[in-house]
Amino acid sequence: MQRLKPNAVGLVGVLFMAVATAAPITAMVGNVPIAVGFGNGAYAPAGYFVATIVLTLFAIGYAAMSKHITATGAFYGYISHGLGRIVGLGAGFLTALAYMVFEASLIGIFSFFGTDLFSSLFGVDVPWLVFALVMLAINALLTYFDINLAAKVLGVFLVTEIVMLAAMALSVLFTGGGPQGWSWGSLNPLNGFQSLSGVVEGSDGSTMAVIGSAGVGLFFAFWSWVGFESSAMYGEESRNPKKIIPIAVVSSVIGIGAFYVIVSWLAIVGTGPENAIALAQDSATAGDIFFNPVHDNLGQWAVDLFKILLMTGSFACGMAFHNCAARYLYALGREDVIPGMRKTLGATHRVHGSPHIAGFVQTGFAFLVVLFFEFTHRDPYTGLYGLMALLGTTAIMIVQALAAFSVISYFHVHKRHPETANWFTTFLAPLLGGLGMVYVVYLLAKNASFAAGAAATDWIFAAIPWVVGIVGIGGVLLALFLKYKDPQRYAELGRTVLEEAHER
């Protein structure tokens with residue numbers, strides 16, 4: 001069995017890829033207005049504060065596990081060791097599903113931003129399918145080569161979008177705030193549980209009653225982080241993974257969290273809390289929560305640049321998820337779960353050490369999904385982006401909860417590595433983080449129709465729980481079948497870690 005290229009990427013590269021999957025600029029402009037207008041109002045940053053606390057607790061246990069298990073199929077490997085091979089394979093299938101549809105989802109929003117950008121800046125109407133095909137081709141090409149190439153491209157895009165968001169935040173700070181005060185209550189995490197309710201004044205001077213649900217605000221806050229956990233899957237390709245991966249996991253969560261809280265708070269301050277709530281009521285003006293402070297403090301050129309970076313940011317996120325999907329398919333393939341997979345999905349390029357076949361399979365899958373949404377005349381934003389994001393988020397949140405509980409089982413039930421076991425880092429932190437994840441799954445189930453928006457009436461939306469259930473249960477049933485019919489293959493499930501990643 002071939003393995004991925006070792007020592008190919010360092011801490012900075014792993015961080016770039018992990019943070020790129022969180023897509024800071026897309027998460028801020030796409031999710032904050034929804035949280036403001038229909039969730040916890042001006043207290044949306046407090047919701048991000050709550051998410052930071054819960055995800056940091058999760059990350060502490062996740063990082064402890066990564067010190068002892070280094071595997072490309074991070075969740076798959078961790079859960080297999082903690083909760084057993086049967087649950088592990090079900091989780092592996094769910095994680096692969098999530099990352100596979102996330103790339104298709106990001107292709108949708110990239111294409112949406114692309115058509116809007118070319119129309120507003122150049123007056124040219126380009127069909128969204130053109131942007132989708134271009135992104136598919138570039139992703140396939142860049143991820144075929146050494147992972148360092150992908151890391152460098154992602155790094156450039158990521159740095160530019162962070163600089164743009166930071167420029168917006170600093171401009172508000174240095175110009176003395178906004179028209180309605182500093183809104184200090186937005187930074188109190190307890191306010192993240194308060195639902196929006198009241199009356200605000202619209203742009204035409206009329207008043208409107210507004211109401212929201214704190215659950216919606218919290219869900220969109222947690223949704224903004226999806227992908228940060230991917231840092232662990234680059235362990236086999238990183239330098240000194242036992243040291244790098246735990247640092248990358250915890251620092252990416254805390255770093256992203258602090259950035260989200262500050263940027264969302266200063267965007268609301270710069271616009272004015274009441275103004276922000278009013279703007280968020282209409283999807284056509286929701287983005288102005290960010291664009292208005294940028295325009296007022298930096299000028300129209302910065303707004304145009306902001307829109308360009310929305311496009312490049314969604315592209316970077318999609319490419320990062322392509323990398324994730326390819327590595328999960330590779331991780332499942334190299335264990336020969338289905339005979340023949342080891343020589344196909346489980347193969348790596350003899351020169352670049354990349355999971356090239358798994359990458360091409362992922363490109364083919366995303367291509368078929370994109371064509372389906374095009375030929376059935378579904379919108380790239382509410383359809384392709386929204387529905388596939390909901391499908392992937394449902395799957396990944398379930399797996400994250402299982403991963404948190406697997407940490408407790410690994411260290412305290414199976415009594416592995418007592419030198420690392422600790423009442424806080426490997427028990428209380430993952431317990432609280434896991435319960436937090438279960439709460440987010442509940443929020444997702446409760447607010448899924450709202451999150452889907454206009455697509456909530458689509459049969460694809462109704463099929464999401466069924467797809468997640470079939471894929472997860474399918475993995476469990478396959479593991480049970482292997483346990484009794486092919487014990488040797490069953491014994492390998494989730495057990496290919498770095499120390500064993502050589503010719504068997």
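Two rings of Phe, Tyr or Trp (for Trp, its six-membered ring) make an aromatic pair if their centres lie within 6.5 Å; planes under 30 degrees apart count as stacked, over 60 as edge-to-face, and the rest as tilted. By this rule, the structure holds 30 aromatic pairs. One of them joins F219 and W223, a tilted pair.

Before going on, a word on the model: it is predicted, with local features needing pLDDT of at least 70 and side-chain atom pairs counting only at pLDDT 80 or more, while totals for chains, interfaces and linings use all residues. Residues are numbered from 1 along each chain as its sequence is written, and side-chain values use heavy atoms, with hydrogens and water left out.

W223 also pairs with F220, as the table shows.

| Pair | Centre to centre | Angle between planes | Class |
|---|---|---|---|
| F219 and W223 | 5.2 Å | 40 degrees | tilted |
| F220 and W223 | 5.2 Å | 40 degrees | tilted |

Where do F219 and W223 sit? They are 4 residues apart in helix 8 (residues 214–223), so about one helical turn separates them. Helices here are DSSP runs of H or I with at least four residues, numbered from the N terminus. F220 and W223 are 3 residues apart in helix 8, again about one helical turn.

Are these residues buried (under 20% relative accessible area, with a 1.4 Å probe and protein chains only) or exposed (over 50%)? F219 is buried at 0%, W223 is buried at 10%, and F220 is buried too.

Elsewhere, F110, F118, F122, F131 and F315 form one aromatic cluster.

Methods. Helices (H or I, at least four residues) and strands (E, at least two) are DSSP runs, numbered from the N terminus.
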